[in-house]
There are 2 protein chains.
Amino acid sequence: MNNRTTDPRHLMTAPLFLAVLLSSPHANGADTLHSWNGGPTRFAVIQFVKDVTTEGGPQYVPPSGRIAVFSHDGTLCPEQPVPVELAFILDRIKALSSRYPRWKTKEPFKSALSRNLTALASFGTRGMLELTAAAHSGMTTEEFESTVMSWLARTRNPRLNRPYDQCGLLPMLELLDFLRSSGFKTYIVLRGDAGFLRPWAEKAYGVPPDQVIGSSVRTRFEVRKGAPILVRRPDFEMMEDGPGRPGAFYRATGRRPIAAFGNSDGDLEMMQWTAAGGTRHLVLLVHHTNGGNEFAYDRKAMFGRLDKALDFGRKNGWTIADMTKDWNRFFTKTVK
Amino acid sequence: MNNRTTDPRHLMTAPLFLAVLLSSPHANGADTLHSWNGGPTRFAVIQFVKDVTTEGGPQYVPPSGRIAVFSHDGTLCPEQPVPVELAFILDRIKALSSRYPRWKTKEPFKSALSRNLTALASFGTRGMLELTAAAHSGMTTEEFESTVMSWLARTRNPRLNRPYDQCGLLPMLELLDFLRSSGFKTYIVLRGDAGFLRPWAEKAYGVPPDQVIGSSVRTRFEVRKGAPILVRRPDFEMMEDGPGRPGAFYRATGRRPIAAFGNSDGDLEMMQWTAAGGTRHLVLLVHHTNGGNEFAYDRKAMFGRLDKALDFGRKNGWTIADMTKDWNRFFTKTVK
């Protein structure tokens, strides 16, 4: 007997092996959710996936309906001491400040230059828009992508001492993988500029650029030296937190998710809308309870306040991941 | 020897077989492009796909970069005697008119009710926005989808006598399949409301809702009887033709396509932008030259005028599909 042709394992070349993984709903999750402790939270996730992938079962959802949405900051990665995009904006305002001497005395630039976060917060959305516009525009789309990627390559989260694209919370990365391997399409929503996260979302989270939904910048079509380009204008349509978020998701995708993952009051309406879709659903709140391994904050946080949504979630039986109880690892061991 | 465990063919269950098909770039296209006549147009398509899928080749593009964009009306389906969304809007304005007696004397409603297309065209974008808002809003997102689907089920293109979701131009459907089977992600752009096409784009073209990019409607988040819903508001952001289209595609996806398919002057800038991306690319114009099998029009058409883009394409060596020369079949034989 010739093993080379009759042993089925020889068919399992790398792409095929991947295809098998992708097509088989290994719904027990045992082989993927390593960083989750056994217990009701992990069980709720696994049971949900089992229910919606069991063909012929009463709660079956066909693959086209398996839509999962994840908030970015605080859900997929830490948002302390400052969210990653704010870190980028502050660095960029500083780098550009020699060209704009007036910024030293003009708000919100003055507070950005002195990293006075409390003052920045007091300028609200309008202040953030002004800073974002200054940091994110005036160049082609390709130039902006290179600017983001080269900043990312030389910057680390100061407390975790890891590059930002390797700050993904390991249990959430496993969850993304588990859902995708069960036929889900995974999306990320963020309040900031989608164009900031898109160039590195595939590497960091396995999410392609068009599945990243956030604030969007308008561009101007120009022909430069015979070649058409898009120039980023200082004109943003801000992704709204709260009640505006379901509509923004619907505009971008035409769908209502059946699974939503968040960590703050800004995610509440998105999660309520997901829970009301009429099919089996999963809404999961990440509760930052572990100051030793990550950060501990909730009702009084400056970034990612979790107050109303925590009360609503508890009252309505939502799944709440308590980092300390539910997780045994927080980040990948090594940094590449 | 037990065949059940050793014969590799037993591994080829349906999903696996599909996965194998999907992962192998059958780049000669012979098995898919049946409705295309042999000749330079068909060859240009096949050669392009071969070049970008040949690993190690000088023009290889990894799957994540294989982005193809198709205009809708006139490229994937006929846009005569009126584009499908306009047919829907006119029917809906008529159906709603008993509630709004003033429409009989008020433009642009008056011309819509009398189906005076020339007059309608004279009201421009503002007129279309007003009609679209009246026809597409004031209900939940789910209610709008049902309205579209039930209209679709009872309406036919009056000259082709086919349901609109079965009016896809067969050679273009084959092209969509061929590209997808070669690892491309296929998108549709349309000037009208993406929410009108999204519910049936998967069935008609194999394109999922979030890969349909068009005008977008704003929604209002409401809680009705305890359940959150989205209500469509009469507030549209109109997808621009021409120079606005590359930016709209970029905003939605964060990408520049490497293949673009269009049929009118409104597609020119999208195609120019695609051609200037710096990788191997394909830009293909569909030229409606066959009044017997479909419709014949170009420089003087009311819908889908092809004038500037035809000259530019010819001058710059773009691929131009002449329906009469390049196609041997236009529609699927049977209607379901």
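**Figure 1. Lys225(B) in the loop between β5 and β6 of chain B.** In this predicted model, Lys225(B) is found in the loop that joins strands β5 and β6 of chain B. The phi angle of Lys225(B) is near 50°, a positive value in a residue other than glycine. Most residues other than glycine have a negative phi. Lys225(B) counts as exposed because 5 C-beta neighbours lie inside 10 Å.

**Figure 2. Asn161(A) in the loop between β2 and β3 of chain A.** The loop shown runs between β2 (156-157) and β3 (162-163) of chain A and contains Asn161(A). Phi of Asn161(A) is near 55°, again a positive value in a residue other than glycine. With 8 C-beta neighbours inside 10 Å, Asn161(A) is classed as exposed.

Figure 3. Pro81(A) belongs to the loop between β1 (67-71) and α4 (84-96) of chain A. Pro108(A) has its place in the loop between α4 and α5 (109-113) of chain A. Most peptide bonds are trans.

**Figure 4. The buried residue Pro257(B) and its contacts.** Pro257(B) lies in the loop between α11 (244-253) and β7 (259-262) of chain B. Pro257(B) is buried because 30 other C-beta atoms lie within 10 Å. Leaving aside neighbours within four places in sequence, Pro257(B) is in contact with Ile67(B), Ala68(B), Val69(B) and Thr274(B). Gly57(B) is 200 residues away from Pro257(B) along the chain, and the C-alpha atoms of these two residues are separated by 20 Å.

**Figure 5. Helix α8 of chain B and its buried face.** Helix α8(B) covers residues 141-154 and has 14 residues. From its first C-alpha to its last, α8(B) reaches 21 Å, close to the 20 Å expected at 1.5 Å a residue. Its buried residues are Thr141(B), Phe144(B), Val148(B) and Leu152(B). Seen down the axis of α8(B), these buried residues fall within an arc of 70°, so they line one face of the helix. An α-helix has 3.6 residues a turn, so residues three or four places apart point the same way. The face of α8(B) turned away from the buried side carries the exposed residues Ser146(B), Ser150(B), Ala153(B) and Arg154(B). Elements of both chains pack against the buried residues of α8(B): α11 (244-253) of chain A, together with α7 (124-136), β3 (162-163), α10 (194-205), β5 (212-224) and β6 (227-237) of chain B.

Figure 6. The end C-alpha atoms of α10(A), a helix of twelve residues, are only 14 Å apart. This span is short of the 16 Å that a straight helix would reach at 1.5 Å a residue. Just after α10(A), Gly206(A) takes a positive phi of about 70°.

**Figure 7. The contact between domain 1 and domain 2 of chain A.** Chain A is divided into domain 1, made up of 24-80, 165-229 and 237-326, and domain 2, made up of 84-154. The C-alpha centres of the two domains of chain A lie 27 Å apart. Across the boundary, 14 residues of domain 1 are in contact with 17 residues of domain 2. On the side of domain 1 that touches domain 2, at least two residues each come from β4 (185-193), α10 (194-205) and β5 (212-224) of chain A. Helix α10(A) gives the most to this side, with four residues. By class, this side of domain 1 has eight nonpolar, three polar and three charged residues.

**Figure 8. Residues 1-25 of chain A, where pLDDT stays under 50.** For residues 1-25 of chain A, the model has 25 contacts beyond four places in sequence. Where pLDDT is low, the predicted coordinates should not be read in detail. The mean pLDDT of chain A is 91, and 91% of the residues of this chain reach 70 or more. For the complex, the predictor gives an ipTM of 0.88 and a pTM of 0.89.

Terms used
Residues numbered from 1 in each chain as written. Chains lettered and ligands numbered in written order. Predicted model: local features only at pLDDT ≥ 70, side-chain atom pairs only at ≥ 80, totals over all residues. Domains from an automatic or database assignment. Contact = placed C-beta atoms within 7 Å. Nonpolar A, V, L, I, M, F, W, Y, C, P; charged D, E, K, R; others polar. pLDDT = per-residue confidence, 0-100. Expected span 1.5 Å × (residues − 1). Buried ≥ 20, exposed ≤ 12 C-beta atoms within 10 Å, placed from the backbone. Arc of directions from axis to C-beta.
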